[in-house]
Amino acid sequence: MNKLKVNYERRARYYLSATLLSSLFLFPPTYVHATSVHGQETVEDEDKDVKTSVTVRVVSEQSQEPLIGAVVRCEGVSNPSVTDIDGKCTIKLKRAADRIKLTVTYVGYKSVTRVVNVPDSRMITLQLKDDSKQLDNVTVTALKRHTTVLQQSSAISQEALEKGGATSLAKLLETIPGVSSISTGNTIAKPVIQGMHSSRILLMNNGVRLESQSWGADHAPELDYTGSSMVEVVKGAECIRYGFGAMGGVVLLNDAPLPYENKKIKVNGNVNVGYDTNARGFSGSGTVETGYKQFGLRLHGMYTKGGDYHTADYVLNNTGYNTISFSALAGWQGRKLTATLFSSIYYQRSGIYYASKISDLSQLIKRFEYGRPDPETVKPFSYDIKPPFQQSQHVTLKGELKWELNPNHHLNLTLSFQENLRQEFENRKKTQWSWIPMQDLILKTYKFDVLWQAKWKLWKMTTDAGLSNTYQTNFNYPGTKQPAFVPNFAALSMGGYFLHKAEFGRLQCALGMRYDFRVLSVNGYSSLSNYTYYDDFKLYSNFTMSLATHYQFSDKWDARANIGWSWRPPDINELYAIGLQDGSYWVVGNKNLASERGYKLVLGTKYRNTWFSVEPSFFFQRINSYIYDHIGEGKDRFHNHPSGKYPKFIYDQDDVKLYGGDIEATVKPVRGLTFVGKGEWMFARNLTHNDWLPFMPSDRYGLSATYELPLKKPQKYRSSLSLSGIYVTKQTRFDPDKDLVPDSPPAYFLLNGTAELRIGLPQNKELKFMIVGDNILNALYKEYTDRFRYYAHERGANFSLRTLFKF
């Protein structure tokens with residue numbers, strides 16, 4: 001095992017071990033006085049403080065490197081200790097002892113229990129042996145974490161991802177405090193991190209920034225999370241590391257490392273299939289991986305299909321979905337070089353509820369007031385998807401080379417290509433034309449990144465320095481029988497950055513700086529009536545920086561602060577869009593928009609012990625020239641189109657500020673029972689007009705309970721039950737004059753639940769049965785951020801029956 005891999009494992013195990021601290025109460029120590037094994041006390045009064053302190057150092061027997069986050073228990077001491085970054089911890093004995101009994105546990109290593117003599121130096125060193133069986137089990141979950149303690153981040157584990165099935169990524173991320181979603185109908189949803197969404201949130205799939213026609217809230221991200229082993233959410237402004245646009249945060253979809261170094265070919269994998277009662281949906285995914293010596297390979301596939309979904313009272317027609325995804329990851333690992341090749345293809349078709357097609361303005365206003373379909377227009381359930389609907393295809397190719405120049409210097413080269421095909425169909429005046437796409441776009445992205453990583457002995461400093469280059473082209477296929485919604489363009493983006501970290505005892509600091517510029521060449525038509533041609537050129541550039549600190553007060557308490565200056569150039573739709581979106585509203589761009597610039601401050605702390613943990617977080621964000629779309633005024637409030645009357649949304653920009661926070665607390669009162677409470681709130685003000693920003697998420701609070709059922713054979717059977725409730729408040733922080741309806745939807749409460757049974761099979765195989773219930777009480781509700789709330793309610797009760805087989 002090379003030093004790079006060992007270092008990654010050390011950090012990964014540290015994160016995993018820290019999370020395991022909350023379960024230490026499951027192994028309560030024996031409360032006795034610390035005495036020698038023979039019962040003889042050897043403490044002298046004059047050096048009592050010295051004699052009652054023992055330092056334990058835990059290292060790997062193979063590499064002799066310190067193990068960070070190892071749990072050390074001493075017989076006679078009530079609280080366990082955890083090793084620091086040097087692999088050391090201090091044990092306070094109640095009385096002096098010549099010999100003590102120690103138990104050391106660490107993920108991926110064999111546990112050790114020994115009775116040892118206490119030397120005069122009061123320093124005891126213990127070596128742990130690798131446990132290859134444990135290492136194989138945890139490598140999948142631990143080594144994927146890409147964030148550090150300097151970042152305010154949260155993660156969704158692989159077990160939570162297994163329950164998702166056909167659930168959108170945005171809805172799945174709502175379990176993380178500070179994260180909500182903005183949606184357009186049933187299947188089109190995007191994550192919202194502390195009020196920011198769309199191009200202000202970067203989605204990183206296996207280290208590749210997703211580049212697609214994902215502008216606005218109308219396009220769901222073309223990502224398959226079922227193949228990921230962990231999904232992480234970074235809540236800070238991360239423009240330094242990931243480039244412009246990450247003003248609200250970053251979502252990281254991480255794959256497990258490939259299974260290298262197997263002496264013989266061994267095949268592992270899993271199959272996950274399920275059925276959803278709402279929309280009568282089917283979903284399935286499967287992964288197969290193998291490795292032999294220096295080679296590794298993983299294949300993954302996913303398929304989902306569903307029909308019309310129903311609310312608590314009625315069916316919403318034309319809301320079906322169909323998704324197919326395939327990916328492959330191959331790699332070779334040498335002593336100094338590691339090379340990987342990743343490829344994926346993703347296809348989706350999503351129907352859009354068509355009841356927004358209304359030709360008379362008075363009828364449209366009455367529909368807004370009624371807020372639900374006319375019962376006479378509701379048709380029986382169907383899997384058919386008719387206009388309006390969206391379909392897209394996304395292809396990703398990525399090659400990566402990691403070169404260890406020496407133990408302290410590494411070079412990473414990444415080359416990627418993405419092709420995004422998108423077609424959008426709307427209801428047209430001539431029915432036969434409705435099957436001709438109104439938008440037929442192809443977006444190609446070429447990206448080349450270079451990253452140099454270095455470690456220094458002084459203050460344990462590390463340096464990351466990189467260059468990023470991106471070239472993009474967008475082309476509208478002819479034959480749509482109308483001008484393009486967004487024009488053709490070519491864009492070149494280049495940036496350079498460095499990120500420097502240092503440790504000063506319990507304090508860690510990081511300073512980052514970056515410079516980017518983006519050149520945009522555009523040509524299209526500005527009018528739907530006279531086909532006015534234009535040719536435009538845009539140049540945007542900006543300097544950004546970030547400063548992050550983390551302080552470890554004790555093994556139980558730490559705190560972090562992060563401030564980042566960020567920017568985002570306008571999206572192509574914000575500048576030039578004109579036309580109908582999703583068959584429900586008219587959009588008008590503004591070519592005079594400037595870049596967004598601002599800063600975000602995030603403060604967070606965490607306290608934990610053996611039965612309780614709490615993690616509050618606060619943020620403040622100021623953005624100058626913030627771009628948003630709002631409903632027009634007067635004659636611009638609605639647009640008259642041959643297919644009907646539609647509300648008009650116009651892009652504008654103002655100076656804004658957002659602030660708020662979230663909190664998560666976990667309590668484990670008894671063995672097997674866990675309570676988790678969450679809360680989040682935020683305020684968004686338009687400083688230019690001194691009023692509220694529209695379409696911002698309202699406050700939400702949640703409480704969940706999970707109980708691990710005791711079984712006679714816990715090694716073979718494991719089962720659990722969980723219930724979770726979420727309460728979303730009525731949004732009162734909005735301007736009624738700038739909305740299509742004078743009031744926001746009422747508050748609502750959702751009850752969800754899960755029941756699981758795991759069966760251990762021979763040869764490390766596992767079979768799991770799951771029942772996942774969403775909106776069990778079948779509540780009839782609307783989400784304020786949903787653009788379709790003017791026409792219909794959200795999804796009703798859904799029960800997902802899933803079976804997972806691991807081999």
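Reader: Which residue stands opposite valine 208 in strand 12?

Author: That is asparagine 205. Keep in mind that we are looking at a predicted model. Asparagine 205 belongs to strand 11, which covers residues 201–205, and strand 11 pairs with strand 12 (residues 208–209) in the antiparallel sense over two bridges.

Reader: And what sits in the hairpin between strand 11 and strand 12?

Author: There are two residues between the strands, and asparagine 206 takes a positive phi near 55° in that hairpin.

Reader: How does strand 11 pair with strand 14, parallel or antiparallel?

Author: Strand 11 and strand 14 (residues 249–254) run in the parallel sense, paired over five bridges. To pick out one spot, leucine 203 has valine 251 as its bridge partner in strand 14.

Reader: Why is strand 11 described as largely enclosed?

Author: Five of the five residues of strand 11 are buried, so the rest of the structure largely encloses it. You can follow this on both faces: Ile201, Leu203 and Asn205 are buried on one side, and Leu202 and Met204 are buried on the other.

Reader: Nice. Changing topic: how many salt bridges are there in the whole structure?

Author: The search finds 29 salt bridges.

Reader: Where do glutamate 596 and arginine 568 lie in the chain?

Author: Glutamate 596 is in strand 30 (residues 596–608) and arginine 568 is in strand 27 (residues 557–568), so to speak distant parts of the chain, 28 residues apart.

Reader: Are those side chains buried or exposed, glutamate 596 and arginine 568?

Author: Both glutamate 596 and arginine 568 are buried, and aspartate 571 is buried too.

Reader: What about lysine 730, which partner does it meet in a salt bridge?

Author: Lysine 730 meets aspartate 743, at 2.9 Å from N to O. Lysine 730 and aspartate 743 lie in the loop between strand 37 (717–728) and strand 38 (748–761), so the pair ties together parts that are 13 residues apart in sequence. Lysine 730 counts as partly exposed, at 30% relative accessibility, and aspartate 743 is partly exposed as well, with a relative accessible area of 43%.

Reader: Let's do rings next. How many aromatic pairs does the search find?

Author: It finds 24 aromatic pairs. One of them is tyrosine 106 with tyrosine 109, a tilted pair with 5.6 Å centre to centre and 45° between the planes. Both tyrosine 106 and tyrosine 109 are buried.

Reader: And how are tyrosine 534 and tyrosine 576 arranged, stacked or tilted?

Author: Tyrosine 534 and tyrosine 576 are stacked, 5.4 Å centre to centre with 15° between the planes. Tyrosine 534 lies in strand 26 (residues 533–552) and tyrosine 576 in helix 8 (residues 572–576), so this pair ties together parts that are 42 residues apart in sequence. Tyrosine 534 counts as buried at 17% relative accessibility, and tyrosine 576 is buried at 8%.

Reader: One last thing: what lies over the face of tryptophan 433?

Author: Lysine 430 does, at 4.6 Å from the ring centre, and lysine 481 lies over the face of tryptophan 433 at 5.0 Å from the ring centre.

Definitions and conventions: Residues are numbered from 1 along each chain as its sequence is written. This is a predicted model: local features need pLDDT of at least 70, side-chain atom pairs count only at pLDDT 80 or more; totals for chains, interfaces and linings use all residues. Side-chain values use heavy atoms; hydrogens and water are left out. A salt bridge is a side-chain nitrogen of Lys or Arg within 4 Å of a carboxyl oxygen of Asp or Glu. Buried means under 20% relative accessible area, exposed over 50%, partly exposed in between (1.4 Å probe, protein chains only). Helices (H or I, at least four residues) and strands (E, at least two) are DSSP runs, numbered from the N terminus. Rings of Phe, Tyr and Trp (its six-membered ring) pair if their centres lie within 6.5 Å; planes under 30 degrees apart count as stacked, over 60 as edge-to-face and the rest as tilted. A charge sits over a ring if NZ of Lys or CZ of Arg is within 6 Å of the ring centre and within 35 degrees of the ring normal. Two strands pair if DSSP finds at least two bridges between them.
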